[in-house]
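Dear colleague,

I am passing on the structure below, and my notes on it follow.

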Amino acid sequence: MSELSVRVVGVGDAFTARYYNACLLIEAGDQRLLIDAPPALARALRDHSLATLDTVGLDDIDHVLITHLHGDHCGGLEQLLFWRRFVTGRKTTIHAIPEVLAGLWDARLRGGMDTLMHPDGSSSALELTDYAVVQPMLPGVTRLGPLELEWRRTIHHIPTSALRMRVGSRVIGYSADTSFDPALVAWLAASDVFFHETNFGVHTPLASLLALPEAQRGHMRLIHYPDQLEPTQVAIACAREGEWLKL
Ligand SMILES: [Zn+2]
């Protein structure tokens, strides 16, 4: 395994009928960090494995980082956590900024996961910490083995974190969901490659990214793009499912 690599698991937006929802898998040394857990996660990983001829599945996720609580970014977490608790019995670690963690259990997961009813009529209660190790991302650098993670807030409807991930001198950036924010682009551009969202409405217009200087556009990959955008006809490279970039 190279020291730092990124697998593109999904490139689609919240409404896609063509792709998996946006999802990256970072590999740093022997650590694997999933960036967001979209619906149909197991199938997305399987299709990625078929494309790369290298198998990764739900059991290979050492860490999962949730950028924000919209369903296209965290709707696959229940599948991952149920599998890891009830099938293979090996906890993963969940990372998110404190505002995201504050709502993750109560506002997204607990309805389907907090009660186990037994055949004798009794029941037991579970908490998020019964399923995973929970690790808030505080300001500054979070270290996962050789990987150094930094985050920065984006402009979105709910609290959301953009990311820079470093091993030695190699850096990968990810905007997560955001409105156009030149300061965020500048922060992300201090990377060897960075993934930037584009979409309609509250998201970043493609025209704003196309107007950026070549020094920033040159190592940008579009992600979270609408089905209507044709990847071969855009002047910025589009991330494609099945890609595996080794830095
Ligand atoms: Zn969102």
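Predicted model: local features only at pLDDT ≥ 70, side-chain atom pairs only at ≥ 80, totals over all residues.

Residues are numbered from 1 along each chain as its sequence is written, and side-chain values use heavy atoms, with hydrogens and water left out.

Ala28 counts as buried at 2% relative accessibility; buried means under 20% relative accessible area, exposed over 50%, and partly exposed in between, with a 1.4 Å probe and protein chains only. If residues up to four places away in sequence are not counted, Ala28 touches Glu3, Leu4, Pro146, Leu147 and Val167, a contact being heavy atoms within 4.5 Å. The C-alpha atom of Ala28 is separated by 27 Å from that of Phe86, which is 58 residues apart from Ala28 along the chain.

The metal site comes next. The zinc ion is coordinated at 2.2 to 2.3 Å by His68 through NE2, His70 through ND1, His156 through NE2 and Asp177 through OD; donors are N, O and S atoms within 2.8 Å of the metal (3.2 Å for Na, K and Ca), and sites may look incomplete because water is not among the atoms. Along the chain, the donors follow the spacing H-x1-H-x85-H-x20-D.

The angles among the four donor atoms of the zinc ion run from 90 to 171°, and the site is irregular. Here four donors count as tetrahedral if all angles lie between 85 and 135 degrees, four count as square planar and six as octahedral if opposite donors are over 155 degrees apart and all others between 65 and 115, and anything else is irregular.

In the loop between strand 12 and helix 6 there is also Ala176, which has a positive phi of about 55° although it is not a glycine, and which is buried with a relative accessible area of 0%. Asp36, likewise not a glycine, has a positive phi of about 75°; Asp36 lies in the loop between strand 3 (31-35) and helix 1 (41-52) and counts as buried at 0% relative accessibility.

Turning to the aromatic residues, the structure holds five aromatic pairs, where rings of Phe, Tyr and Trp (its six-membered ring) pair if their centres lie within 6.5 Å, and planes under 30 degrees apart count as stacked, over 60 as edge-to-face and the rest as tilted. One of these pairs joins Tyr19 and Tyr225 edge-to-face, at 5.5 Å centre to centre and with 85° between the planes. Phe82 and Tyr131 also form an edge-to-face pair, at 5.9 Å centre to centre and with 65° between the planes. Because Phe82 lies in helix 3 (residues 77-87) and Tyr131 in helix 5 (residues 128-131), this pair ties together parts that are 49 residues apart in sequence. Phe82 is partly exposed, with a relative accessible area of 25%, whereas Tyr131 is buried, with a relative accessible area of 1%. Ring pairs link Phe82, Phe86, Trp105 and Tyr131 into a cluster.

Finally, the structure holds zero disulfides, a disulfide being a pair of cysteine sulfur atoms within 2.5 Å. Cys23 is in no disulfide, and the nearest cysteine sulfur, that of Cys74, is 12 Å away; Cys23 counts as buried at 1% relative accessibility. Cys238 is also in no disulfide, with the nearest cysteine sulfur, that of Cys23, 18 Å away, and Cys238 is buried with a relative accessible area of 8%.

Definitions and conventions: Helix = DSSP H or I, 4+ residues; strand = E, 2+ residues; numbered from the N terminus.
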